[in-house]
Amino acid sequence: MVSVPTIQFRPVELPASGTLVVFAADGMTLGESARRADEASDGLITAAAEAQGFKGKRFATLTIPLPRGLSARALVVVGLGDVAKLGEADWAKLGGTVAGALPSGPDTDVTVFAEGPEGALTAEQAADIALGIVLRSYTFDIYKKKPSDEPDPAPRAVTLCVASTAAVEARWQAVEAIAAGTMAARDLVNEPANVLGPVEFAARAAALADLGVEITVMEPAELEELDMKMLLGVAQGSERPARVVLMQWKGGAEGAAPVALVGKGVVFDTGGISIKPAGGMEDMKGDMGGAAAVVGTMTAIAKRKAKANVIGIIGLVENMPDGKAQRPGDIVRSKSGQTVEIINTDAEGRLVLGDLLTYTIDRFSPAVTIDLATLTGAIIVALGHFHAGLYATEDDTAAKLLAAGTATGDQVWRMPLSKDYDGLIDSKVADMKNTGGRSAGSITAAQFLKRYVGETNWVHIDLAGTAMGGPTTEISRTFGSGWGVRLLERYIADNFEG
Ligand code: BES
Ligand code: ZN
Ligand code: MN
């Protein structure tokens with residue numbers, strides 16, 4: 001974790017010092033305060049824009065050091081593009097662009113005029129700019145020695161000048177919780193597997209008790225009692241024992257069916273006996289990205305005291321080759337009673353999730369059960385790094401999650417479920433096999449999971465391409481992206497809180 005800046009809000013006024021940030025729309029259209037800064041500097045902003053060919057294009061930036069007539073050390077102009085075409089998810093990206101454009105140096109105080117050409121931004125827009133600034137400033141460098149002569153690149157304090165501080169501060173309370181949840185998920189994905197085994201991950205999740213989340217940590221003996229042999233089979237090649245952590249947030253009406261979030265938490269995935277090739281295997285420290293998104297969402301939900309009942313459950317195991325490891329050809333009995341022929345020990349995530357889904361649906365009868373997993377390389381082939389794959393048994397639930405994805409920028413794309421694909425995982429010797437052959441690899445993985453949810457309202461999100469290892473964006477610069485926290489938080493806020 002990090003030195004992310006502290007955020008504060010105050011009414012619009014020119015700052016005495018530090019870096020000043022203003023926005024400009026297409027054609028260098030300026031808002032009121034940017035125009036005043038331009039006048040106070042004798043037209044420096046428009047002249048510098050002219051000289052640099054800066055026209056206010058979205059996410060373009062212009063930095064003017066030591067602007068004459070202003071006491072600021074630097075003035076940064078950030079482009080909004082065509083204001084009519086700005087989507088909700090763009091405001092955080094603009095905040096990230098602000099943070100990315102700040103000059104490094106000893107002076108780390110920043111003032112942002114949260115104002116467009118049409119006047120003050122809304123409370124939501126201003127809070128999302130702050131969100132983007134915080135998320136962009138996140139780094140993961142706890143294992144690097146800091147050269148003592150290098151200044152901290154992140155700003156220490158950012159002040160947003162807004163129309164109504166009260167309205168923005170109210171919104172920021174919730175958005176700050178979302179930022180904290182996203183960074184918690186990033187931390188978990190970024191930690192190496194030697195530091196973060198199942199036991200250590202469980203301890204980090206258990207710390208949510210401080211926020212009022214009820215925590216139950218289950219150890220192998222109890223998981224055995226609960227018949228989670230399919231989950232335990234994945235862990236049996238590792239020196240480090242499995243853990244399942246149940247997190248319960250009871251912010252909604254008593255007895256109201258909860259939203260259930262189920263996460264794949266493979267702290268490291270070598271493939272087991274069906275061992276993976278060496279190249280890039282280090283990335284498999286992030287194979288707990290689903291579980292990280294669940295913990296991050298529970299963090300956000302609890303921090304902002306959501307008025308909803310939400311449970312999180314994560315299966316924490318390590319998939320290793322060993323004399324005790326599970327073999328291809330083994331047949332395991334799942335908690336559901338269905339048997340599985342193991343074809344490939346590298347298709348382990350579905351084995352972990354299958355037992356968790358049975359447990360969650362049997363015990364809690366959730367209103368909706370959403371599992372999140374870095375489940376397949378095939379989803380990266382299909383969608384790359386810009387959408388996660390979404391599978392849903394109910395169109396209405398899918399539509400709501402797609403909408404939450406568009407609004408937050410954690411985008412999902414719906415993939416098909418059908419009887420045709422389901423047939424690909426039939427086995428000659430057991431009720432099913434754990435892989436479906438070369439084609440449609442993400443879909444057959446989803447069909448496997450579907451065999452553990454009965455006729456319930458269920459969603460599977462394959463975030464292998466979005467949770468980790470993707471390209472850097474305006475708001476995400478480290479291996480772990482924290483993807484999914486904003487999506488789930490918004491889906492819960494919009495559909496289960498009132
Ligand atoms: N954890 C991997 C999937 C993965 C791949 C996540 C790349 C993130 C980036 C999963 O356990 C796996 O190994 N899946 C196999 C399934 C195959 C054996 C049917 C895969 O995708 O190759
Ligand atoms: Zn895996
Ligand atoms: Mn695997």
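Modeller: Donors are N, O and S atoms within 2.8 Å of the metal (3.2 Å for Na, K and Ca), and water is not among the atoms, so sites may look incomplete. The model is predicted, with local features needing pLDDT of at least 70 and side-chain atom pairs counting only at pLDDT 80 or more, while totals for chains, interfaces and linings use all residues. Residues are numbered from 1 along each chain, chains are lettered from A and ligands numbered from 1 in the order written, and side-chain values use heavy atoms, without hydrogens and water.

Biologist: How are the donor residues of the manganese ion (ligand 3) spaced in sequence?

Modeller: The protein donors are Asp269 (OD), Asp346 (O), Asp346 (OD) and Glu348 (OE), at 2.0 to 2.2 Å from the manganese ion (ligand 3). Along the chain, the spacing of these residues reads D-x76-D-x1-E.

Biologist: Which residue bridges the manganese ion (ligand 3) and the zinc ion (ligand 2)?

Modeller: The two ions lie 3.1 Å apart. The zinc ion (ligand 2) is coordinated by Lys264 (NZ), Asp269 (OD), Asp287 (OD) and Glu348 (OE). The bridge between the two ions is Asp269.

Biologist: Is Asp269 buried or exposed?

Modeller: Buried means under 20% relative accessible area, exposed over 50%, and partly exposed in between (1.4 Å probe, protein chains only). Asp269 has a relative accessible area of 3%, so Asp269 is buried.

Biologist: What is the spacing of the donors of the zinc ion (ligand 2) along the chain?

Modeller: Those donors lie at 2.0 to 2.4 Å. Their spacing is K-x4-D-x17-D-x60-E.
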